[in-house]
Amino acid sequence: MPVSAANFPGSSHCSSHAQALPQHCQPLQQRAYRRNSHNTHTKSSGNRNRQIKVSCAAGQRWDTGCKLVGCGSSVPEAVLSNKDLEQLVETDDDWIASRTGIRRRHILGKHETLSDHAAKASQQALDMAGIHAEDVDLIILATSSPDDLFGSACRVQSILGAKNATAFDLTAACSGFVIGLISAASYIRTGLYRNIIVIGADALSRYTDWRDRSTCILFGDGTGAMVLTAQQGQCSLLGLDAHSDGGGQKHLNCYFSQEGLKPLNSTGASAEGSFTNIAMSGQDVFRFAVRAVPSTLQAAMKDAGVTTEQLDWLVLHQANQRILDAAAQRLSIPSDRVVSNLEEYGNTSAASIPLAFDEAVRGGKIKSGDTVSAFRCYASILTHQEQTHLWQAHAQGVQSKL
């Protein structure tokens with residue numbers, strides 16, 4: 001279904017008055033000193049304990065705010081079904097679906113690259129927004145599995161022909177896309193950039209042990225993108241709540257697999273660098289998610305001055321259907337207001353939220369004026385596009401209005 005910027009859900013209000021400044025120095029001044037009655041900035045002696053809270057409640061105003069104007073997505077053609085997995089590990093379709101909600105996942109083919117799919121998703125988002133590639137100022141690619149260890153954002157920039165854009169990768173696993181949105185909104189608010197593409201893209205099939213039943217049933221490959229642009233006097237990012245807990249690394253990781261002193265290793269001096277396959281303690285991750293999702297989402301909604309009754313859609317990270325169901329139940333949100341595409345794509349990590357969001361918009365679910373919440377297991381954002389959309393992420397929380 002064709003979607004244009006005209007009927008895309010978005011626009012909003014939110015921010016804080018800044019001092020009147022000369023035009024040439026306003027962005028730096030805004031970035032360094034903008035504060036209001038809802039903000040706190042405290043430091044303890046020795047700078048060891050620092051607590052910062054920057055609020056964006058609905059009553060505040062920004063000289064320049066951000067607005068979500070386009071979205072897009074792209075996935076590989078190759079599909080690996082639960083029936084296919086029955087040939088690889090001891091499992092069956094019903095066992096996987098009943099525990100995860102997943103029945104299929106898309107996998108990168110031999111001649112496909114993550115960058116190509118990220119560029120395709122970005123072009124779709126630009127087309128919806130009515131923005132030309134040469135007018136893009138910044139590209140943020142959230143990924144843990146780039147085509148190039150030095151980063152793939154610049155490759156996406158080249159494919160798009162966005163010759164005027166700065167581009168960089170952002171690595172924050174499943175939280176990457178939400179953190180990317182927060183970063184993009186901050187760049188726009190300071191006046192540094194006007195048009196920004198935020199991409200979530202991952203190909204975790206590259207780091208999955210396809211003989212390990214505990215992990216291979218979960219992951220798939222995909223990409224999603226959103227375009228944010230500047231608008232005067234209002235901001236679609238209504239509020240946020242963000243946290244990190246490095247102590248949980250032992251429950252989900254993918255380590256570099258080589259040892260140090262490589263130049264002195266007589267047998268491995270020329271060996272290719274590599275990483276281990278993904279290792280995960282499923283029960284520990286599940287317990288953390290069902291605890292963190294509701295609390296982070298509630299904090300983000302409080303920051304934005306929004307209640308669960310005002311949410312039209314909940315767009316959570318697509319990790320496991322049981323996590324989505326548990327979070328919705330704890331928040332008293334009906335299941336028919338929770339967006340889920342797990343059955344077709346599985347867990348696509350940083351691509352999860354923008355892929356699900358794009359499908360919901362193009363499928364006619366999310367409409368202009370809806371309130372949407374997105375969460376990536378420890379980060380959440382609430383947004384509004386002539387409606388409100390709330391997103392969440394694992395390790396951060398934010399609220400905004402699209």
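## Overall make-up

Helices here are DSSP runs of H or I with at least four residues, and strands are runs of E with at least two. By that count, the protein chain of this predicted model has 11 helices and 17 strands.

Of the 402 residues in the protein chain, 53% are buried. The chain exposes about 17900 Å². Carbon and sulfur atoms supply 49% of that area.

## A nonpolar surface patch

Four residues form a nonpolar patch on the surface: L149, F150, F256 and F275. Together they have about 540 Å² of accessible area.

F150 lies in the loop that runs between β6 (138–142) and α5 (153–160). Its relative accessible area is 80%. The cut-off for exposed is over 50%, so F150 counts as exposed.

## Helix α9 and its cover

Helix α9 spans residues 321–330. Its buried residues are I323, L324, A326, A327 and A328.

## The ends of α9

At the start of α9, the side chain of N320 makes an approach to the backbone: one of its oxygens reaches to within 2.7 Å of the backbone nitrogen of R322. Just after the helix, S332 takes a positive phi of about 60 degrees.

Definitions and conventions
Residues are numbered from 1 along each chain as its sequence is written. This is a predicted model: local features need pLDDT of at least 70, side-chain atom pairs count only at pLDDT 80 or more; totals for chains, interfaces and linings use all residues. Side-chain values use heavy atoms; hydrogens and water are left out. Patches are made of residues with over 30% relative accessible area and no salt bridge: like charges are joined within 9 Å, nonpolar side chains (Val, Leu, Ile, Met, Phe, Trp, Tyr) within 5 Å. Accessible areas come from the Shrake-Rupley method with a 1.4 Å probe; for residues, only the protein chains shown count as cover. A salt bridge is a side-chain nitrogen of Lys or Arg within 4 Å of a carboxyl oxygen of Asp or Glu. Buried means under 20% relative accessible area, exposed over 50%, partly exposed in between (1.4 Å probe, protein chains only). A polar contact is a pair of N or O atoms within 3.5 Å; within protein, one must be able to donate a hydrogen and the other to accept it, and residues adjacent in sequence count only if both atoms are side-chain atoms.
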